[in-house]
Amino acid sequence: MTAMQWRIWGLAAAGKFFEGLVVFMTGVAMPLIASEFGLDAVEHGAVGAASLAGILVGALLLGGLADQFGRKLMFIAEMILFIIFLVLLSVAPSYSWLVVFLFGIGLALGCDYPTAHLIISESIPSSARGRLVLGAFAFQAVGALVGTGVGYVVLTLDPDVTAWRWMYAAAILPAAIVLAGRFFVTESAPWLFARGRKHEAERETARLLHRKPAYPKKVVLSASIKAETESSGWMALFNRRNRRATILASVPWFLQDLSTYGIGIFTPTILAAALGHDSANARNVAEIIQNDISAAQGAAMIDVLLIVGILFAVALADRVGRVPLQILGFIGCAAGLLIASFSAYYEGTLATALIFVGFMMFNFMTNLGPNAQTYLLAGEVFPTAIRGKGAGFAAAFAKIGAVLTAFGFPILLATIGQQALLYGLVAMSLLGAAVTWWFRIETTGVSLDDVGGRRHPAEKARVPDSIIAEI
């Protein structure tokens, strides 16, 4: 790995960090926002769903632009968009503007879903692709933990109902530093090559592989490999060649997001209720803040398992394979949610313990399996010409599930109750395991230049990379 390859990896990891930070920090900020703007259940759900709706649109519309304008340009543009809306969010004057600005932040984060994956996976060897893509994705879990931690620290230093503004503002300076770094990365050589820009691809590959002493001394791309001529429009995702990949990349991710974002965003709310600190029953602002601090502490404990899970995923993805881990993870998520649902049959310490154990198991298994592997597979199962669109469509389709659960979670909690809601999520997790098995395509160790040429679900083609570095 060269310095440029590590730079690309680090700057892409930062994007996933900001996603975890903002989305999960919203769970800590939610009671304060609800108090300041006097939100009802529907408005409460809209705040939780706004950034996820933005991710949906951003992944679909902006992420696909990486196929047209290049990975690097969108890598920069998304961070500019993120910073602008982050500043606006920290000074949002009303509920309506708050939702608009959260949606804008989601647009930027949605664009990052395919772009960050592609700029990493198209710049590193196939043998290490799984570890490094998931290593970057792991920073989503780090961001989630830091987000709850920032919320706790801000509330401790500034115990005021407007403290949520400082939570979001804390990310502005780090985001600006990341933006500056993204101007100095290379463009994706496979993307340039797929568009017939061979000489530019050779130049960018040479920059990517630059080291001292120089090795290789000269980079020449294989003349025998022709630029892709397959249709690069959106309908190419649904033709006979790519349909199976589109289903595998999209449907399990949708089912996974139903649980992950619902549980992730509303963990502080659920824990507060379980611990007898429901903010809805608070008598004053001071009590709301104290309840939020207690819930943030509990959520942070649970979120640690997100990091543990992703570390296991990084270690096993290139050894065990994407598909087996995704299936195992879905089944483990179902088991964790089932354990949490049993808390309805008990009271006191045992009920609280079941929620903690169930959610901790869920967080571990989701990051070992579907939360990590769906992201990884979505950027690997499509040909280069439509890889941005494919990964963007999968992320957007997944975020339909995230928006539905974020918006509907507070409403369903109030109507059908926590236990019935968890039972539903158990069923969705088991369905995710079944769909993964039925439409499975294993990409472990497969060169991205070969993706799209095979469609047997269990086939693992191993061919040399098409980009040849000659000394």
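In which helix is Arg387 found?

Analyst: The model is a predicted one. Arg387 is found in helix 16, which covers residues 387–415. With a relative accessible area of 0%, Arg387 is buried. Its side chain reaches the backbone oxygen of Phe382 at 3.1 Å. Setting aside residues up to four places away in sequence, Arg387 touches Asp67, Arg71, Leu118, Glu122, Gly379, Phe382 and Leu448.

Next come the salt bridges. Side chains of opposite charge can pair when their charged atoms come close. The structure holds 17 salt bridges. One of them joins Lys16 to Asp112, with the closest N and O atoms 3.9 Å apart. Lys16 belongs to helix 1 (residues 3–37) and Asp112 to helix 5 (residues 95–121), so this pair ties together parts that are 96 residues apart in sequence. Both Lys16 and Asp112 are buried. These two residues also take part in a network of salt bridges that links Lys16, Glu19, Glu78, Asp112 and Arg182.

Another salt bridge is formed by the side chains of Arg165 and Glu36, at 2.9 Å from N to O. Since Arg165 lies in helix 7 (residues 164–169) and Glu36 in helix 1, the pair ties together parts that are 129 residues apart in sequence. Arg165 is buried, at a relative accessible area of 17%, whereas Glu36 is partly exposed, at 27%. Arg203 and Glu204 also meet through their side chains in a salt bridge, at 3.3 Å from N to O. Glu204 has a relative accessible area of 7% and is buried.

Among the residues making the contact are Leu325, Gly329, Gly332 and Gly336 of helix 13, and Leu354, Gly358, Phe362 and Thr366 of helix 14.

Lastly, Gly432 sits in helix 17 (residues 418–438). Gly432 counts as buried, at 0% relative accessibility. Apart from neighbours within four places in sequence, Gly432 is in contact with Pro252, Leu255 and Phe330. Gly432 and Ala334 are 98 residues apart in sequence, and their C-alpha atoms are 10.0 Å apart in space.

Note on methods. Residues are numbered from 1 along each chain as its sequence is written. This is a predicted model: local features need pLDDT of at least 70, side-chain atom pairs count only at pLDDT 80 or more; totals for chains, interfaces and linings use all residues. Side-chain values use heavy atoms; hydrogens and water are left out. Helices (H or I, at least four residues) and strands (E, at least two) are DSSP runs, numbered from the N terminus. Buried means under 20% relative accessible area, exposed over 50%, partly exposed in between (1.4 Å probe, protein chains only). A polar contact is a pair of N or O atoms within 3.5 Å; within protein, one must be able to donate a hydrogen and the other to accept it, and residues adjacent in sequence count only if both atoms are side-chain atoms. Contact means heavy atoms within 4.5 Å. A salt bridge is a side-chain nitrogen of Lys or Arg within 4 Å of a carboxyl oxygen of Asp or Glu.
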